[in-house]
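The following exercises ask the student to read a protein model step by step. Each task is followed by a worked solution.

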Amino acid sequence: MQLSARVQRIDASGIRRIFDLARSCRDPIDLSIGQPDFPIAEPVKAAAIAAIQGDRNGYTQTQGLAELRALCLAEERAHTGRSWKDDEILITSGVSGGLFLALLALVEDGSEALIPDPYFVSYLHLVRLFGGTPVLIDTYGSDFLPTPEAIARAITPRTRVLLLNSPANPTGRIIPEALLREIAAVCTKHGIVIVSDEIYRAFAYDGAAPSISRYHEETVVLVGHSKSQAMTGWRLGYACGPRPLIQAMTKVQQYSFVCAPSLAQYAALACPAVDRRADIAAYRARRDLMRGLLSPPLRIAPADGAFYLWIEAPAGMTGTAFAERAIAANCLIIPGSVFSARDSHVRVCYTTSTERLRAGAAILLRIAQQSVVER
Ligand code: PMP
């Protein structure tokens with residue numbers, strides 16, 4: 001069968017090899033999956049069940065339920081201070097749906113998208129799928145924060161978008177407000193749209209995660225319920241951005257996703273009543289526990305938010321070798337090469353019980369100690 005050149009431009013080989021290795025593990029300590037371990041809150045479950053049983057199972061408007069849009073606009077005003085209008089929001093099928101539609105609308109053959117490295121894998125593949133060229137901005141020398149100088153250096157007449165993710169997967173970094181202002185100034189000067197993936201913004205452990213939308217007019221903010229409400233399987237999120245972009249995304253949603261899942265939309269109306277502070281505090285404690293156990297001897301990037309540790313492999317070892325040894329010892333972690341052009345780190349997710357985290361940390365420490373002996 002002749003598949004389109006477009007789909008052949010992307011592949012899934014990096015992560016597949018790790019999944020193949022992981023299949024041989026029995027009841028592994030899984031520090032690889034990027035999803036919360038707390039359940040969906042009871043009122044949210046009840047709202048979904050009530051919607052199903054009340055026969056509210058039809059399509060919603062393409063742009064999402066009016067009541068939910070109003071809630072999300074209020075959330076944006078509260079979090080970023082920015083007042084988007086009702087035609088500047090689209091309820092999407094997760095942040096993945098928002099990324100897909102935003103990049104489809106912004107990227108085309110010959111255009112370039114700036115992506116700080118390490119990055120969330122989808123960014124690279126979606127840009128390629130839509131004919132663009134991902135231009136990586138290495139952040140290893142700046143503690144995994146993109147600098148305005150590096151961004152300015154990477155800009156060409158073909159640059160259309162900058163993809164930002166703060167708090168970040170896989171590094172856990174949050175871009176501080178002052179830096180966001182400087183990045184915004186560079187993008188404003190060069191007319192570059194910022195796609196701001198804020199899916200982890202509820203997971204900021206040492207103060208709030210600021211949004212660049214406050215400083216850059218042409219920003220599309222992507223927010224999701226997957227992580228903040230543990231609704232990963234329900235596929236819900238939203239995009240706020242300039243009207244022409246949201247209208248273009250809505251047009252394509254009409255012919256593709258049609259609408260975000262209706263039951264998830266009805267359920268999300270109950271989200272404002274949910275208090276997640278205890279869950280966030282528990283994740284902060286797990287971050288502290290893992291950081292305390294692992295560093296030193298391992299080196300960890302400042303873990304400001306999200307729920308990942310970005311850990312440098314022991315000296316003389318690649319990230320892939322470190323991950324392979326951990327998996328052989330029954331602890332699943334992901335090599336940094338899945339998220340980066342470099343292969344020097346691993347990603348460890350700490351959304352699991354403290355007993356399992358301790359057991360996983362012990363395995364990682366043992367590998368680090370063995371590596372010293374071997375050298
Ligand atoms: N962006 C980032 C940075 C992520 O880590 C994820 C999920 N791992 C997504 C987007 C997609 O999330 P969803 O589609 O479930 O909202």
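**Exercise 1. Determine which exposed residues lie on the face of H9 turned away from its buried side, and describe the helix as a whole.**

Solution. 
Step 1. In this predicted model, the face of H9 turned away from the buried side carries the exposed residues Pro 244, Lys 251 and Tyr 255.
Step 2. The buried residues of H9 are Leu 245, Ile 246, Met 249, Thr 250 and Gln 253. They cover an arc of only 135° around the axis, which places them on the same side of H9.
Step 3. The buried residues of H9 pack against strand S2 (89–92), helix H5 (94–106), strand S7 (219–224) and strand S8 (237–240).
Step 4. As for its length, H9 (residues 243–255) has 13 residues and reaches 19 Å from its first C-alpha to its last, close to the expected 18 Å.

**Exercise 2. State which residues of helix H12 are buried and how they are arranged around the axis.**

Solution. 
Step 1. Helix H12 spans residues 319–328, and its buried residues are Gly 319, Thr 320, Phe 322, Ala 323, Ala 326 and Ile 327.
Step 2. Viewed down the axis of H12, these buried residues fall within an arc of 160°, so they line one face of the helix.
Step 3. Just after H12, Asn 330 adopts a positive phi of about 80°.

**Exercise 3. Classify the ring pair Phe 100 and Phe 257, then the ring pair Phe 203 and Phe 307.**

Solution. 
Step 1. The structure holds 13 aromatic pairs. In one of them, the ring centres of Phe 100 and Phe 257 are 6.1 Å apart and the planes stand at 85°; the pair is therefore edge-to-face, since planes over 60 degrees apart count as such.
Step 2. Phe 100 belongs to helix H5 and Phe 257 to the loop between H9 and helix H10 (262–268), so the pair ties together parts 157 residues apart in sequence.
Step 3. Phe 100 counts as partly exposed because its relative accessibility is 28%. Phe 257, at 31%, is likewise partly exposed.
Step 4. For Phe 203 and Phe 307, the ring centres are 5.1 Å apart and the planes at 80°, so this pair is also edge-to-face.
Step 5. Phe 203 lies in the loop between strand S6 (193–197) and S7, and Phe 307 in the loop between helix H11 (277–294) and strand S9 (308–312), so the pair ties together parts 104 residues apart in sequence.
Step 6. Both Phe 203 and Phe 307 are buried.

**Exercise 4. Is Ser 196 buried or exposed, and which residues is it in contact with beyond its neighbours within four places in sequence?**

Solution. 
Step 1. Ser 196 is found in strand S6.
Step 2. The relative accessible area of Ser 196 is 6%, so the residue is buried, the limit being under 20%.
Step 3. Leaving aside neighbours within four places in sequence, Ser 196 is in contact with Leu 164, Ile 212, Thr 219, Val 220, Val 221 and Leu 222.

**Exercise 5. Describe how domain 1 and domain 2 are placed relative to each other.**

Solution. 
Step 1. The domain assignment gives domain 1 as 7–40 + 276–374 and domain 2 as 44–273.
Step 2. Their C-alpha centres lie 25 Å apart.
Step 3. Across the boundary, 34 residues of domain 1 are in contact with 38 residues of domain 2.

Key: Residues numbered from 1 in each chain as written. Predicted model: local features only at pLDDT ≥ 70, side-chain atom pairs only at ≥ 80, totals over all residues. Heavy atoms only, no water. Helix = DSSP H or I, 4+ residues; strand = E, 2+ residues; numbered from the N terminus. Expected span 1.5 Å × (residues − 1). Buried < 20%, exposed > 50% of the residue type's maximum accessible area, 1.4 Å probe, protein only. Arc of directions from axis to C-beta. Contact = heavy atoms within 4.5 Å. Phe/Tyr/Trp six-rings, centres within 6.5 Å; stacked < 30°, edge-to-face > 60°. Domains from an automatic or database assignment.
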